[in-house]
Amino acid sequence: MTREMTGAKMVVQALKDQGVDTVFGYPGGAVLPIYDEIFLQNDIRHILVRHEQGAVHAAEGYARSTGKPGVALVTSGPGATNAVTGLTDALLDSIPIVVLTGQVPTFMIGSDAFQEADTVGITRPCTKHNWLVKDTDSLSDTMHEAFHVATSGRPGPVLVDIPKDVQFATGDYSAPKPSTSHYQPIVKGDLEEITELVAAIETAKKPVFYTGGGVINSGTAASQLLRELVDATGFPITSTLMGLGAYPASGKNWLGMLGMHGLYEANLAMHDCDLMINIGARFDDRITGRIDAFSPNSKKAHIDIDPSSINKVIRVDIPIVGDVAHVLEDILKVWKARGRKTDEASVAKWQDQITEWRKVNCLAYTNSEKTIKPQYALERLEELTKKHDRYITTEVGQHQMWAAQYLNFEDPNRWMTSGGLGTMGYGFPASIGVQMAHPDALVINVAGEASWLMNMQEMGTAAQYRLPVKQFILNNERLGMVRQWQELLHGERYSHSWSEALPDFVKLAEAFGAKGILCSDPADLDDAIMEMINYDGPVIFDCLVEKHENCFPMIPSGKAHNEMLLGEAETQGVIDSKGSVLV
Amino acid sequence: MSALHIKKGATRHSAYNLRPTFSDVQERHTIAVLVENEPGVLARVIGLFSGRGYNIESLTVAEVDHTGHLSRITIVTTGTPQVIEQIKAQLGRIVPVHEVHDLTVEGASVERELAIIKVVGAGDKRVEALRLADIFRASVVDSTLNSFIFELTGAPDKIDAFADLMRPLGLVEIARTGVAALLRGD
């Protein structure tokens, strides 16, 4: 069925037909017709951000906490270029978002018109796909295809660039129908490979599940199936930063996060295992450490929906291309049909070995009665918020790693962090997106003061929409992770890794009509956190923490999993010249 | 559709895993990519190569199916087997890409390139150029009293050889199309 309407109306109609209820955006000359249509309807809420980067991160937060695509709407030129960081962030973390940009009218494209930029050219390498719509008749199909591409296969960001004359002109609108484009990624895994993996599961003596964001992206069914498989086999499981929550932190087979700042037991299990089952992770360099020493004695299986992930970094023995939920379902089916076998005696021995590693207690730290240790702050935050309907976002740096280590996630979609791109300034706008999707939930952005300042203008958004987002800032007056690397690698020459002009965060909160809380004494911490939780509105929590705390455990760059640093013990010279060129 | 069958390529029964270990040997592969002929599609393919640091030795593109709006891109590239596999998988990820074929591993293929070559000279050199052109089955497509333009079709090696011979005889300009290639047989 087709209906005639303007391009601007088509955009809003297509969003409605795609089930979109919230759009994050910022108006400008080239999107005014669309904003006019938004004004004339009530089905889609528009959230006015304060910077286009914030709109895209908010859309990411919305997407990651709901599993639905997030939508951002920005104008041409600077609106589009400001969206680039968010698009790249979503590309590296495989987050489904649809970004709509205005463009100068088609007859002015190429003339260096006011606020003209080659948006599809600029965003080609940082989107999964993008389109410049040149006539109104093709606009609705392009919009629907954009949602199809963003959400199918390996999810990712897409962008639709819409010239202003295309928005004004009328054309035929067609409602969404099942996509007929050739882009239809395969979701079922090859049964022969799956059977080979099941055979490996049956005989493995030292197996480990290594899971990632692909499990979360695959949907809640994937997490359920993962839990069933892990608990039925009794194999230990670790996860990347992106995959936290797919398996509950309270589960008995949980090893904790792995990688550069992962847990000792998780990294040693990866190094010593004889069967590694990678589910929806991508052997990122933060995970593998030194490639030629990565898990030298294991058979490796890799389940991924993106064929380019397979054998990209680490050669695997059992490659399975498919959607995690579909593949896990088949694994369970085949494994059960073959009699639910595992080498129980050997796996029990392996679990004993892991128990020994756990005794190292790698997250232990020296607490203080005078200053708040960041780890302590997060332990208290965990304790006081774990019973809440809680969502956590983070910025990037030490606080992010501590949050991953000290906070526990029982369910998927509860943890939103910039993993691949490492975007400082991600967490605050993301928390706004999460709160919009879950108005009654407790949404906390665990932040460092330096990251937080990168998108602090979004306080205006939080205040305007009365979003009770809690900005839990671990304030060490340093770029903590940069400072840590300068200590370890650059002879303690702390080049530009601190700020001498930090704002008074309490006054800053008050200036935006929000609540500010300052806490510097460990004895006051619990009360202060409770005050934050109980306040019905946005809060900036300025938690003054130990300034020189380092984040451990740590696998130094260029080292293997079994060469991790556990604490403040001699850290000088641990990264050799070869490792220091790595990031 | 086989663009996504490259995924199929991820099983060990396909070309994907014919070479069991990663080696450091640089290989030269000819890859044919069938793409939807939409604006920017060539930029996507080229951007992939530059963005990820892959080599392009030669690239040709033209629409080959006017009703289906499909273009065929033929790329000659070099890399280790691991890089070649990555290139194919990354090409397969591009949304408007329909099919990716590695003509170097899928079977014997025919490679052809067309060159037009301008040779300027007089006297013996001019006669010798014409004689060599005859041997190479190059045809004269333009002539003045002191120049020829030859048209030559063949494998890239043959064109290289002809150009080398023409250089001392007065080669002043050469234009080459890049490689077009097809698998042999049905």
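Trainee: Which residue stands opposite Gln103(A) in E7(A)?

Mentor: Strands of a sheet pair through backbone hydrogen bonds, either parallel or antiparallel. Here two strands count as paired if DSSP finds at least two bridges between them. Helices (H or I, at least four residues) and strands (E, at least two) are DSSP runs, numbered from the N terminus. In this structure, Gln103(A) stands opposite Pro163(A) in E7(A). E5(A) and strand E7 (residues 157-163) of chain A are joined in the parallel sense by 7 bridges.

Trainee: What should I know about the origin of the model and its numbering?

Mentor: This is a predicted model, in which local features need pLDDT of at least 70 and side-chain atom pairs count only at pLDDT 80 or more, while totals for chains, interfaces and linings use all residues. Residues are numbered from 1 along each chain as its sequence is written, and chains are lettered from A and ligands numbered from 1 in the order in which they are written.

Trainee: What is the order of the strands in the open sheet that has E5 and E7 of chain A?

Mentor: The order is E3-E2-E4-E5-E7-E6 (chain A), an open sheet of 6 strands with parallel pairing. Strand E3 (45-48) and strand E6 (129-132) of chain A stand at the edges with a single partner strand each, so one side of each has no neighbour in the sheet. From one strand to the next, the twist averages 20 degrees. Axes, used for such angles, are lines fitted to C-alpha atoms, for helices over the stretch in contact, and angles run from 0 to 180 degrees between N-to-C directions.

Trainee: Which strands does helix H7 of chain A lie across?

Mentor: Helix H7 (residues 139-151) lies across E5, E6 and E7 of chain A and runs at about 165 degrees to E7(A). Two residues are in contact if their C-beta atoms, placed from the backbone, lie within 7 Å.

Trainee: What is the strand order of the open sheet that includes E18 and E20 of chain A?

Mentor: That open sheet of 6 strands has the order E16-E15-E17-E18-E20-E19 (chain A), with parallel pairing. At its edges are strand E16 (415-416) and strand E19 (515-519) of chain A, each with a single partner strand, so one side of each lacks a neighbour in the sheet. Strand E18 (residues 470-475) and strand E20 (residues 539-544) of chain A run parallel and are joined by 6 bridges. Within this pair, Lys470(A) stands opposite Val539(A) in E20(A). Helix H18 (residues 427-437) lies across strand E15 (390-394), E16, strand E17 (442-448) and E18 of chain A, at about 175 degrees to E17(A).

Trainee: How should I read the backbone angles?

Mentor: Most residues other than glycine have a negative phi, and most peptide bonds are trans. Ser94(A), in the loop between helix H5 (84-93) and strand E5 (97-103) of chain A, has a positive phi of about 55 degrees although it is not a glycine. Asn311(A), in the loop between strand E13 (299-304) and strand E14 (318-321) of chain A, has a positive phi near 65 degrees. The peptide bond from Phe552(A) to Pro553(A) is cis, with omega near -5 degrees. Pro553(A) is found in the loop between E20 and helix H24 (577-580) of chain A.

Trainee: Is Ser94(A) buried or exposed?

Mentor: A residue is buried if 20 or more other C-beta atoms lie within 10 Å of its own, exposed if 12 or fewer, and partly exposed in between, with C-beta atoms placed from the backbone. Ser94(A) has 24 C-beta neighbours inside 10 Å and therefore counts as buried. Asn311(A), with 21 such neighbours, counts as buried. Of the 583 residues of chain A, 55% count as buried.

Trainee: With which residues is Met554(A) in contact, leaving aside its neighbours within four places in sequence?

Mentor: Met554(A) is in contact with Met260(A), His261(A), Met564(A) and Leu565(A), once those neighbours are left aside. Met554(A) is found in the loop between E20 and H24 of chain A. Between Met554(A) and Tyr264(A) there are 9.0 Å in space, C-alpha to C-alpha, and they are 290 residues apart in sequence.
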